[in-house]
Amino acid sequence: MQLVLATHNAHKVHEVGQILQARIPHLTLAGYHGPEPIEDGDTFAENALIKARAAFAFTGLPAIADDSGIAVEVLGGAP
C-alpha cells in the first residue's frame, strides 16, 4: 500500500514513515513533490485537509497531512 504524506519535508516523511511502518509493515510512505496549495483555512485541521486534498489531486494516491503552529492568546488566538 502506498500513501502520500503531503509535505516537502523529507525528514518528516522519514519520521512518520518509521512510525506507520512499525504498525503497517506493507506501507510505503512517499513525500509530496507537487505545487504548494494555498493554505487559507481558518484552522490547522482545515489547512491539513487542503494539503491532503492537493496531494491526492496531484498524485492520485491516498494522502494524509498535518498542519501545526502556535496560537497566541494575546493576538486573539491568531498564529
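**View 1. The aromatic pair of the predicted model.** A count of aromatic pairs comes to one, where rings of Phe, Tyr and Trp (its six-membered ring) pair if their centres lie within 6.5 Å, with planes under 30 degrees apart called stacked, over 60 edge-to-face and the rest tilted. The pair is formed by Tyr32 and Phe58, which stand edge-to-face at 5.8 Å centre to centre with 85° between the planes. Because Tyr32 lies in the loop between β2 (28-31) and α2 (44-59) while Phe58 belongs to helix α2, the contact ties together parts that are 26 residues apart in sequence; helices (H or I, at least four residues) and strands (E, at least two) are DSSP runs, numbered from the N terminus. Tyr32 has 4% relative accessibility and therefore counts as buried (buried is under 20% relative accessible area, exposed over 50%, partly exposed in between, with a 1.4 Å probe and protein chains only).

The model is predicted, so local features need pLDDT of at least 70 and side-chain atom pairs pLDDT 80 or more, whereas totals for chains, interfaces and linings use all residues. Residues are numbered from 1 along each chain as its sequence is written, and side-chain values use heavy atoms, leaving out hydrogens and water.

**View 2. The salt bridge of Asp66 and Lys12.** Two salt bridges are found in the whole structure, each a side-chain nitrogen of Lys or Arg within 4 Å of a carboxyl oxygen of Asp or Glu. In the bridge between Asp66 and Lys12, the closest N and O atoms are 3.2 Å apart. Asp66, in the segment after β3 (63-64), is 54 residues from Lys12 in helix α1 (residues 10-23).

**View 3. The salt bridge of Asp67 and Lys51.** Here the closest N and O atoms of Asp67 and Lys51 are 3.0 Å apart.
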